[in-house]
Amino acid sequence: MKSLTSPKVIKEILEKHNFRFSKSLGQNFLIDRNIVEKIMEGAQVTQGDRVLEIGPGIGTLTQELISRGAKVVAVEIDKNLLPILAETLGTPPNLSIVHGDILKIDIQGLVNEFFEGKEFKVVANLPYYITTPIIMRFLEEYLPFTTLTVMIQKEVAQRMAAKPGQKEYGSLSVAIQYYTKPRLVCRVPSSVFMPRPKVDSIVIALDRLDEPPVAVYDRDLFFKVVKAAFAKRRKTILNNLTSGDLKEWDKEKILEVLESSGIDPQRRGETLNIQEFATIANNMRDIKLV
Ligand code: SAM
């Protein structure tokens, strides 16, 4: 089996197939064996696991997943990579390559077709341009994954794992931590990719929570509150909650909500924890009902 992390081997394969990297598809291929191992460890891939891979590229992670005995479905958008994948991976019985766009494809349909609707893991060196939308899709559509282990831009990973009061803390942190428990697996320098991207990366594992960490009566309202709270970072929670999607709420009502939630209206959104956002949203619903 050829080593798909060897720059020499990769160059030979790409030249043979006359392949040109597409910047707009976020094509930065891994050329470091250690990082491949770290991703496998982060995802805790074992024999018999069902794994959905996003963007196999020339098959570097895919090869490793297959050799560890996982049943792999890999979705690749670039048709120019399909003949390359056929050459590098062959046709093992535990692999299916699907040509498609992971943002648009019917993921639940794939899970039903290839994994009999059962739980699966996601593993990917994600193209940066789709990081947030694709992760949010897995979360919001309640797709039955157990862990998403993804290599993403360092700053985005830090935002996902940030805690109240940290400068990276924002609506993305709350959304990710509402559905999952993030684990930072390792930092990755830009030197381990071909071509080299401009940014550093982090491998992050998002372990799905069985239950959200807080009880929320109205999920849409909860996320509206979170979004509004971070809309203008310098504004107080009181001012932010009376603008944007919540502008039908007048100041007096919001003051009443904050008081009944035990939250100082002069605080900034970035100091509130997920429980406090839940309390605000739940009290808003109650007040609205009256
Ligand atoms: N997994 C390979 C590796 O680690 O070397 C390639 C990773 S590269 C960062 C991202 C891969 O995702 C590329 O192969 C790219 O063509 C593919 N890709 C980009 N956008 C996609 C999309 N919307 N759906 C599926 N694959 C996509």
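Predicted model: local features only at pLDDT ≥ 70, side-chain atom pairs only at ≥ 80, totals over all residues.
- Ile77 is found in the loop that runs between strand 3 (71-76) and helix 4 (82-89).
- Together with Leu103 and Tyr129, Ile77 makes a nonpolar surface patch of about 240 Å².

- The protein chain is divided into domain 1, covering residues 7-208, and domain 2, covering residues 219-289.
- The contact between these domains takes 14 residues from domain 1 and 14 residues from domain 2.
- When the centres are taken over C-alpha atoms, domain 1 and domain 2 are separated by 35 Å.
- About 970 Å² of area is buried between domain 1 and domain 2, and carbon and sulfur atoms give 67% of that area.
- On the side of domain 1, the residues that lose the most area to domain 2 are Tyr169, Val174 and Tyr178, which together account for 48% of what that side buries.
- Between domain 1 and domain 2 the count of salt bridges is zero.

**Salt bridges in the structure**

- The structure as a whole holds 15 salt bridges, and one of these joins the side chains of Asp49 and Lys121, with an N to O distance of 2.8 Å.
- Asp49 lies in the loop between helix 2 (33-43) and strand 2 (50-54), whereas Lys121 lies in strand 5 (residues 120-125), so this pair ties together parts that are 72 residues apart in sequence.
- Both Asp49 and Lys121 are buried.
- Arg233 forms a salt bridge with Glu270, in which the closest N and O atoms are 3.9 Å apart.
- Because Arg233 lies in the loop between helix 9 (219-229) and helix 10 (237-241), and Glu270 in the loop between helix 11 (251-261) and helix 12 (274-289), the pair ties together parts that are 37 residues apart in sequence.
- Arg233 is partly exposed, with a relative accessible area of 36%, and Glu270 also counts as partly exposed, at 21% relative accessibility.
- Asp101 forms a salt bridge with Lys104, the closest N and O atoms being 3.9 Å apart; Asp101 counts as partly exposed at 21% relative accessibility, while Lys104 is exposed, with a relative accessible area of 72%.
- Arg33, Glu37, Glu64 and Arg68 are linked to one another in a network of salt bridges.

Note on methods
Residues numbered from 1 in each chain as written. Heavy atoms only, no water. Patch = residues over 30% accessible without salt bridge, like charges linked within 9 Å, V, L, I, M, F, W, Y side chains within 5 Å. Areas by Shrake-Rupley, 256 points an atom, 1.4 Å probe, with all protein chains shown as cover. Salt bridge = Lys/Arg side-chain N within 4 Å of Asp/Glu carboxyl O. Helix = DSSP H or I, 4+ residues; strand = E, 2+ residues; numbered from the N terminus. Domains from an automatic or database assignment. Contact = heavy atoms within 4.5 Å. Buried area = accessible area lost by both parts, 1.4 Å probe. Buried < 20%, exposed > 50% of the residue type's maximum accessible area, 1.4 Å probe, protein only.
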